[in-house]
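I opened this structure to look up a few side chains and their surroundings. My notes follow in the order of looking.

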Amino acid sequence: EITDEAADVHLVHLRDRQHVFRSVINPMLSGLEFGDDFIRRWWPLAIKRRVVIDPDMCFGRPTCSQSGIPIITVASYASTNGVIAAAEWFEIDRREVRDALLFVERQAA
């Protein structure tokens with residue numbers, strides 16, 4: 001953020017000095033979890049959901065936040081066999097399965 005002479009606040013990408021639209025960037029920043037001067041995790045569906053992208057888990061691939069199972073694995077099984085069957089097979093909460101499916105659907109759109 002920078003402030004000009006009129007006290008208006010603007011977002012500027014520091015590397016290439018391009019102005020950034022706050023309305024575009026803010027929704028993406030809402031799911032970020034910060035550590036000591038860096039981003040620790042990204043919750044692409046929102047922090048209350050159970051999908052996380054964490055460089056310390058599964059080489060940064062999207063995973064179920066509680067079980068650590070890759071999203072693509074859970075979503076593939078659930079799309080063929082159903083949410084209940086996937087939850088039982090992987091021994092995870094049904095909400096993790098539903099969030100995995102939601103994440104994959106949004107990625108496809």
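I began with Ala78, which sits in helix α2, residues 71-81. The model is a predicted one, and I read each value as computed from it.

Is Ala78 buried or exposed? I found a relative accessible area of 5%; the limit for buried is under 20%, so Ala78 counts as buried.

Next I looked up what Ala78 touches, leaving out residues up to four places away in sequence. The contacts are Val83, Ala86, Val97 and Leu101. For Val97 I also noted the spacing: 19 residues from Ala78 in sequence, and 7.1 Å in space from C-alpha to C-alpha.

Then I turned to aromatic rings. How many aromatic pairs are there? I counted 2.

One is Tyr77 with Trp89, with ring centres 5.7 Å apart and planes at 15°. Planes under 30 degrees apart count as stacked, so this pair is stacked. Tyr77 belongs to helix α2 and Trp89 to helix α3, residues 83-90, so the pair ties together parts 12 residues apart in sequence.

I checked the exposure of both residues. Tyr77 has a relative accessible area of 25% and is partly exposed. Trp89, at 58%, counts as exposed.

Tyr77 also pairs with Phe90, and here I noted an edge-to-face arrangement, with 5.5 Å between centres and 80° between planes. This pair again links distant parts of the chain, as Tyr77 is in helix α2 and Phe90 in helix α3, 13 residues apart.

My last entry is that Tyr77, Trp89 and Phe90 form one aromatic cluster.

Terms used
Residues are numbered from 1 along each chain as its sequence is written. This is a predicted model: local features need pLDDT of at least 70, side-chain atom pairs count only at pLDDT 80 or more; totals for chains, interfaces and linings use all residues. Side-chain values use heavy atoms; hydrogens and water are left out. Helices (H or I, at least four residues) and strands (E, at least two) are DSSP runs, numbered from the N terminus. Buried means under 20% relative accessible area, exposed over 50%, partly exposed in between (1.4 Å probe, protein chains only). Contact means heavy atoms within 4.5 Å. Rings of Phe, Tyr and Trp (its six-membered ring) pair if their centres lie within 6.5 Å; planes under 30 degrees apart count as stacked, over 60 as edge-to-face and the rest as tilted.
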